[in-house]
Structure formats: C-alpha cells, structure tokens
Amino acid sequence: MQTKSWEELNHKLLVAKKYIETIIDSISTGIFTTGPNGYIKTINRTASEILGLSQEEVLGVNVSEIIEKWESIQQSVSNKTTYLEEEAFIKGQKGRIHCILSAYPIIESEQYKYEGIVCTINEIKSVRNLANKVMGKQALYTFDKIIGKNKEFSKLLNYAKQISNSPSTVLITGESGTGKEVFAQSIHNESSRRNGPFVAINCGALPRDLIESELFGYEEGAFTGAIRGGRPGKFELADGGTLFLDEIGEMPIDMQTNLLRVLEKGKLFRIGGNREIEVDVRIIAATNRDLQRDTEDGYFRKDLFYRLNVLPLKLLPLRNRKDDIPLLIDYFIKMKSLKLGKTPISLSSELIDKMVSDPWQGNIRELENTIERIINAPNSDLWQITETTKDEVIITMDESLEAIEKAHIEKIIDKCEGNISTTAEILGIGRNTLYRKIKKYSIVVLK
Ligand SMILES: Nc1ncnc2c1ncn2[C@@H]1O[C@H](COP(=O)(O)OP(=O)(O)OP(=O)(O)O)[C@@H](O)[C@H]1O
Ligand SMILES: [Mg+2]
C-alpha cells in the first residue's frame, strides 16, 4: 500500500516535471540556468537553438566560454543587483550572436544562499523584427500600387522589379516628388528581404553630428548624453533587411568616408566602441541632386558614388510622362475621397486637359495635393493657388531657372504668411527640401 502511493507520487512528480519542461521549451525566449560557479545545468530548446548546440552538448559547459564578459554579469548578479535586458555577445557555433540578456540570482530561501543564475536571452534580430512589426515601421508600397503605363515608365518599373532581389546597391535619382521613396519601399517588398526591416534615414534632415550616431550607433559613455548601454544605429537596425539612405547627396564629406568603409567591409564600429559588428544590409540610396556633377565639383566622393551607383534607377518627372496624368488623377480621386469620406467627383475634360499640360514642378506629390484640395472643397477655386501664382512669375529671357524658383518660393511663402508646412505642401516638396532651398537662396521668412 505504502509502495503504491510512493510510486504514484513519483509518477505525479515526473508528470509535473514534464509539464514544466514542455512549458519552458515552448517559450520563444532562450533560458538556461547555471550553478554557483557558472556551469550550465539546464537549458531550454530556444537557447540551444540560439547557441547552435544540443541540450546534451551544452550541459556542464562553463558560461564564461560562451558569453563575453560573463564575469561582470556574474558579479552584478551575485551582488544581488538586477541585470535586466542588457546587450550581450554570445559565441555561437556560426559566429558571434548579438543578444539581449537578463540574469536573475537563484537564492535558496532558508539559508539565503546563492545557488546559481537563471539567464534569459533573445537574439537582437528577432527583438527588432517584433519591434518593427508593432511600431508599423514598415515599407508599405508595393509595385502593384505604383500607377503608370507610360512606355518609358513601364520600362523603369520592369527594371526595378528585376533588380529587386539583387544584393547590389541601388541609386534612385529623380526630382522631388517623382516617387523615389515609393520605389525604394516597393523594391524592398519585392525582394527576399521583405520580412526583414526596412529602415530609412534622411541624411538631409539631420545635423552632421547626429548622422554618425544615427547611422552607426554608439557605446555607453561615447559622449556626454549617451544613454546607458549604448544604442544601435540604423545599420544594425536594418540587419537582414534594407537601409534606405534618403537625400544621400546631403551627406557631409567626412561621413561619406565612414559610410564607404562600412559598405565595403559589411562591418562597423559603434562610436566609442572597439567591437566590430557585422551587418547584412541591402542599401538603396536616393537623391534629387546630380551626384555625378557633385563628384566633379568635389562635394561628393567619387568612390562612394560608384559604390552606390551599381544599379542606377532614374525616375521620370511627370512632365515627361504626361500620358499618365489622367490615370493618376483617377487614382488620387478614388483614394482621397475614400480617405476624406467624400463621394468621388469627376473633373471636367477642360480641367483634366489643363492638368495634363501643367508643368507640375512638384511632380506627383503636387498633383496628389491638388486633387486632395479639390476633393475637400470642389466648388472653391482656392486649389488653383499654385497656378495663379505661377502666372504671376514674370519670366524674362535672361532669368535663370534658379532665379525663377527663388521668386516662386518667395511668393508662396508670402501667400502662406510664412507657414512652412503649407508652403511645402503647395509646392509639392518636403519641408526639408524647402528649408534647404530657403537656405540656398537666402530667403527671408517673415511670419
Ligand atoms: N507611381 C506612383 N503611383 C502612385 N503614387 C505615387 C507614385 N509615385 C509617387 N506617388 C505619390 O507621390 C508622393 C511622393 O512620392 P515620394 O515621396 O516617393 O517622392 P520622392 O521622390 O521621394 O520626393 P522627395 O525628393 O521630395 O523626397 C507619394 O506620397 C505617393 O503618394
Ligand atoms: Mg523622398
């Protein structure tokens, strides 16, 4: 009788143990425990997958052989300080693995004795994928959403699809509002990296000191104000995916040198760091500048230009694909009506003809904003603001294109009473582009 209940108890214990093991193994975080001297005692399936070692192989191994700077982790844990979500590097079978690690002491409750450590590890890659999904920082455009049937444009579209899956760098050029970002996102979504991150950085919008830390990240203590534990840069965040270097032509020349080095080696150092970090990133760069000319003028490094311009993609301005304008008008009317909760309207053929012959300096974005303005107030003629002001610009034979642009910007700024956002919207250019032009032409903005 006695024996039976002992067997029963033993059986129950085994079942309970199996339950716990199954639970621990089904968690997508790596977990392992060590004894007081750092020898691994138990490990779950995820941790053994991260390390690339079977559960049997890893038992009895000392963690200090696997985790870099383990001594300092062990020290802070045995001092009973918490060790939460710190960055760590693990020597895996296939190379160095970048992880987020937490460690908790196992304290025996009766004599309050330190028995060992429980560690949880997550690969940074999977943490980032999750963060990207939740934050919605994703590429939204796909090729099937790109509107255009113009012959030249279709050729470009086919070429862009063809090169999507290549690891080579793409350089997208084209005037403001021609769809550079739309193409960059579509290329990413067409490539095998589509489930990886799409990370964008606007080199024209950041002050030069910030570009470096944004791109390459920094280590703890790299400069005053550096956050504890350091921070990864966009290159690391884009690991396994695509990095979109927007307005690359605005990158300061010394930063161009650093960028070239990383592109050539596929490895980087964070600012203030001495650990080399390997990254697998596909680069798509974009600019509305003539980079070739910039290299001749000494503003852009020639070697970087050639390194970026492996697969050139030159987008057409709207005035060179006028046959697509009615298609785009149709598309934007449907889209904007839906967005604004209005019934789609149809435009008179005169108006469509007028729009087809408009030079659309701000390209697709300007057309898009004009349609949005019409849908908002179909009976007002305020949307014509760009047209009327354009007519007011007196063009004389000796006036350069730049002088005309300056005068036009000044007029619109004046009409918008110095409101930069509205001015940029009407001109169909980004705010940063507008700020750059204001600086370039020394335009005084009065509010
Ligand atoms: N072929 C297209 N089909 C549909 N919409 C498009 C197309 N190309 C561009 N657009 C629209 O035009 C807008 C501007 O495109 P995008 O932001 O890609 O231009 P850009 O070339 O990056 O301009 P900038 O140089 O000012 O940054 C987008 O918001 C998008 O809605
Ligand atoms: Mg852009």
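How do the residues of the shell around ligand 1 divide into nonpolar, polar and charged? The legends below take up this point and the surroundings of the ligand. This is a predicted model, in which local features need pLDDT of at least 70, side-chain atom pairs count only at pLDDT 80 or more, and totals for chains, interfaces and linings use all residues. Residues are numbered from 1 along each chain as its sequence is written, chains are lettered from A and ligands numbered from 1 in the order in which they are written, and side-chain values use heavy atoms, without hydrogens and water.

**View 1. The shell around ligand 1.** The ligand is surrounded by 18 residues (a heavy atom within 4 Å), the closest being I147, S176, G177, K180 and E368. Eight residues of the shell are nonpolar, five polar and five charged, with Gly counted as polar.

View 2. The pairs shown are N or O atoms within 3.5 Å. The side chain of S176 places an N or O atom 2.6 Å from an oxygen atom of ligand 1. Backbone N or O atoms take part at I147, 3.0 Å from a ligand nitrogen atom, and at V182, 3.0 Å from a ligand oxygen atom. Of the 630 Å² that ligand 1 exposes when taken alone, the protein buries 90% (Shrake-Rupley method, 1.4 Å probe).

**View 3. Helices at the ligand.** At least two shell residues come from each of α7 (180-190), α13 (325-340) and α15 (363-376); helices are DSSP runs of H or I, at least four residues, numbered from the N terminus.

**View 4. Packing of α13 and α15.** The axes, lines fitted to C-alpha atoms over the stretch in contact, lie 9 Å apart at an angle of about 50°. The crossing of α13 past α15 is right-handed (near helix turned clockwise from the far one by less than a right angle).

Terms used: Polar contact = N/O pair within 3.5 Å; in protein donor to acceptor, adjacent residues only side chain to side chain. Axes fitted to C-alpha atoms, helices over the stretch in contact; angles between N-to-C directions.
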